[in-house]
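Dear colleague,

I am handing over the structure below, together with an account of what was found in it. Please read the notes with the model open beside them.

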Amino acid sequence: MGRTTAVIDNGDSVLLDALPVGVVVQDRRGVVVRANEAACATLGVDASALVGASHLDAPWPAIREDGSPFPPEEQPAIAALRTGEVQREVVLGVHVVPRGEWRWLIVTSQPLPGVGVMSTFVDVTDRIENWRRLDRRLRIEQLLRDVAHDMMHLEGDALDGSVTRVLSELGEMLGVDGMRVFVLDDEHVVLENPYWWSRSGGGRVALCSRFDLPALTRLRDTDGAVFHRDELPEPAREELALLGLGDAATVLAVGLVHDGDEFGSVVCTTDGRREWSDDDVAIVRHVSALLAAMLATRRAARERQNAERFLATIVGNSADVILRVALDGRVTYVSPNLEKVTGYRPDELRSLDSVFEIVHPDDRDLASERFTALTSGAWTRDDTPRVELRIRHAAGTSLWMEITGDLLVEDGVVTGVVLNARDVTDRHDQQAALEEVRRRLAEVWEHSPVGMAIVSLDGEYLAVNPAHERITGHREEDVIGRHVSMIVYEDDVDALIAATLRMMEEGGTRTEVDARLHRKDGETAWGRIGISLVTDADGEPLYAIGTVEDVTERRRLEGQLAFDATHDSLTGLPERTLVLELLGQALTSARRRHTSVAVLFLDLDWFKRVNDSLGHSAGDEALRQLAARLQSVLRESDVAGRIGGDEFVVLCPDLAEPGDVWHVADRVTSIFESPFTVEGVEVFLSASVGVSVSDGKTDAEELLRQADAAAYRAKRRGRRRYEVFDEELREHVDRRFDVESALRRALETDELTLCYQPIVDARTGKLCGMEGLVRWYRPGHGLVLPPDFLDVAEDAGLIVAMGARVLEVGCAQLAAWQRGPWPDARLSLNLSTRQLVQADFVEELARCIERTGVDPCSLFLEITETSLVEDLPTTIPIVEAVKEMGVRFSIDDFGTGYSSLSQLRLLPVDVLKLDRSFVAQLDETGGAVIASIVQLASALDKVLVVEGVEERSQMSALLALGCRLMQGFYFSRPLSAVDVERILRGRKR
């Protein structure tokens, strides 16, 4: 309510105009103060015509559903103002004057305290018109049943009056101005006009005795012809005038024919020009057939006496029970089969005071009422001389009987009634069961969320349910009689037919196919279409029942999921899995066509600086621009993909010559010539590009690895260039592959070991701790140093397993020293960034400390400066969690990274290990740098350890600069655990 008031107070017309329903706001006096666009469009007036009008002078009149005027003061808005209550879903008709038409609305009026009332309405004209058409159809069907009934049971004046009534009602329903029946007499000589109806009430036309007029012949011989007077030649108009039809603008004539005999015509006339629908013509034809049957019956009246004798024979052999009943209800005659049907002997029934005694108590009132109505001649249109009721069988059970009655008239006096009683117990039970089934089926048909259709074997729609219209947008009347290809795509219709034939061949009962649908609004939808065939008793198909479910959204989601699973979410380019699949397909095609396939591997140079300086969002935008540029310079057959953070590939299939790849490579490198504009900043990017070309034997994985290796060499040779994979690089890759394979075995067979290099206080010579260094004694190759296998372990993803092994062995050794010769032992172990960011690293470290029993405060984990500052938001929380356990951290190779002073101040580390490169260049300038680092470490309260001290002079110079803790060959080379134990025990002695 608060929002509504705000809209009124603030004049927020945008919200009201956005609503799809009509909205009119009136103040407490009933004066319109606001009307949205939907309201103006529905009422056919401008807002200026509505605003300011009161309920008494509103520019649109209204009527009720029955057509009576709707007083303004009783309209829902005013009623809501008067009562203060919501007037919900009131149906009223509105005359839209500019368009000259009536529209039906469903209106809800909501009081607005302190404001007035707001009315919302929806145009339901089409829905009401559909119901009216349905009602008209039902009324006509009832009329036809009445005609059929009257033709069978009435005679003489009663029948004539019934026919005239039928003509008047039929004329009203069909909307014509006149109905006439022209009949030939028994000799087919004189034209009669016994039945007629006119909307104007005019009298019967003069009779014409000429039966051979061409116009009459045309009227008599047709089963439904339409004549437009203005289209007929003059002679034909004169003939119609002789028949009293000269004033009619349009004439519909249907011949009265029964069993090949012509009796005349039924003629419908309209004062204005009219086009007749097939349905309306069929209705007139049906009435004509019934009238022809009546005339035939009259013609046969002369043979009634013979017919009665014949009827007596029929009665004697009929399965029905025929009774003659006096006006007081006594039975005076029963047919011979009475006992067989009811169990009563004829004399038993005749001895009763009234036939109603054998009627079921619950049905006696109905039987008495119908009997009285029949004998008194008080039948009305809604009554019928046929009734179904229960009688008591002589055995005590109940029978359902269909009873038809006719009056016995002697000398014009009603003396009794003849009743025909037929046992319909089985039919009644079956019909009751069938009606229940039909009711349930109708509910399913009408309310099912699944679209349903009945389709002929030729593929034409016979019927559709509301859900089908909702899914496809096509109304039932638009599709009936049309082929399913009106809605289902033609290619998919073929697939549907093929699936149906397959189902029939395999003896199945249902098949389903996904197909594209032509929606009414022009959009394409996906439907899951099911087909079930309905067969006759011999198994021959009669028609098909189809179902359709809208699976558009599901198909879209499946397609999106499939795309997302194989494409990079940032650039939309294929990811590694899809790249390898496409590359494999290209290689297969190339071997068949004797062509080549090339792969370009792009590794961006220093791209991390973009993220660090401008932020990750800027980096993402640069990657998106790069992907767009890359695709713009490729051939139509080339494919670009993104397989890593800053790694892209280009697949070049079907190269006629291997050298053709250089044209592609030149275009690819050209995209880096101009800067990228990211968030208003110009950024220059470059890439190290590796190129590999297939040799007819290489598979997709290998070809991609070759391009990666070539890109790595381009990066090592200065970046901003491209390199091709050649034999030299192949040998290098083979060596790395050999090392990788051997390293995997080494982890399985425990070939890795630790050596320990002392950390010494150079002033006192005291042993302060050890650094654990991993070594690999490879069988058949001897000692393999870390530079020859650590990079391979990192690239192959083995570094985590290797780090876990080093951590386990190192902690176990440290615990042994602490329990033995070196209680205050300290140990530093190198840690890979990959190992640090593992999800379970902190838990694994805690379990390792618990298993080995080591004092966590004596354990130092070393990580390089570059690795630590590379992703501070990720690494710092992990480091802090480890430090809470008591474990301390060291920055290895300090001074070679690019951490800022602000970053260094925030790093949760305890030790800075100065890189050996500073010691190797120890001179006057180098000494000043080291002195600054000493001061910096002191200011930050960090312990400084200098690595790579190999000479006494270096040690002396470092001591002079304030350095105390050192390690290097001058003090000791890396030692085995046994050698360390020996030294420790020697010192202890």
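**The five-stranded sheet**

Five strands, in the order S13-S12-S16-S15-S14, make up an open sheet with antiparallel pairing. At its edges stand strand S13 (331-334) and strand S14 (386-392), each with a single partner strand, so one side of each is left without a neighbour in the sheet. From one strand to the next the twist averages 30°. Helices and strands here are DSSP runs numbered from the N terminus (helices are H or I of at least four residues, strands are E of at least two), and two strands are taken to pair if DSSP finds at least two bridges between them.

Before going further, please note that this is a predicted model, in which local features need pLDDT of at least 70 and side-chain atom pairs count only at pLDDT 80 or more, while totals for chains, interfaces and linings use all residues. Residues are numbered from 1 along each chain as its sequence is written, and side-chain values use heavy atoms, with hydrogens and water left out.

Within this sheet, S14 and strand S15 (residues 398-410) pair in the antiparallel sense over seven bridges, and Arg390 has Trp400 of S15 as its bridge partner. Helix H14 (residues 364-376) lies across strand S12 (321-326), S14, S15 and strand S16 (413-423), and runs at about 135° to S14. Such angles run from 0 to 180 degrees between N-to-C directions, with axes being lines fitted to C-alpha atoms, for helices over the stretch in contact.

**The six-stranded sheet**

A further open sheet is formed by six strands in the order S2-S1-S6-S5-S4-S3, and its pairing is antiparallel. Strand S2 (32-35) and strand S3 (62-63) are at the edges, each with a single partner strand, so one side of each is left without a neighbour in the sheet. Helix H5 (residues 76-83) packs on this sheet and touches S1, strand S4 (87-96), S5 and S6, its direction making about 145° with that of S4; contact means heavy atoms within 4.5 Å.

Strand S1 (residues 22-27) pairs with strand S6 (residues 116-123) in the antiparallel sense over six bridges, with Gln26 opposite Val117 in S6. Strand S5 (residues 101-112) and S6 are also paired in the antiparallel sense, over eight bridges, and there Leu112 stands opposite Gly116 in S6. The hairpin of S5 and S6 has three residues between the strands, and in it Gly114 takes a positive phi near 80°.

How does the length of helix H24 (residues 700-716) compare with what its 17 residues should span? At 1.5 Å a residue they should span 24 Å, and the end C-alpha atoms are 25 Å apart, which agrees; the expected span is 1.5 Å times one less than the number of residues. Asp699 caps the N-terminal end of H24, with a side-chain oxygen 3.4 Å from the backbone nitrogen of Glu701, and H24 is followed by Gly718, whose phi is positive, near 120°. Among the buried residues of H24 are Ala710, Arg713 and Ala714, where buried means under 20% relative accessible area, exposed over 50%, and partly exposed in between (1.4 Å probe, protein chains only).

Glu723 is found in strand S28 (residues 722-724) and is buried, with a relative accessible area of 8%. Leaving aside neighbours within four places in sequence, Glu723 is in contact with Val689, Gly690, Val691, Ala710, Arg713, Ala714 and Arg717.

**Two crossing helices**

The axes of helix H27 (residues 799-819) and helix H29 (residues 841-852) come within 9 Å and cross at roughly 35°. The contact is made by residues including Leu807, Cys811 and Ala815 of H27, and Leu845 and Cys848 of H29.

**Ile480, and the protein as a whole**

Ile480 has its place in the loop between helix H17 (476-479) and helix H18 (490-505), and at 36% relative accessibility Ile480 counts as partly exposed. Not counting residues up to four places away in sequence, Ile480 touches Tyr461, Leu462, Ala463 and Val464.

The protein has 36 helices and 37 strands, and of its 989 residues 43% count as buried.

Terms used
Polar contact = N/O pair within 3.5 Å; in protein donor to acceptor, adjacent residues only side chain to side chain.
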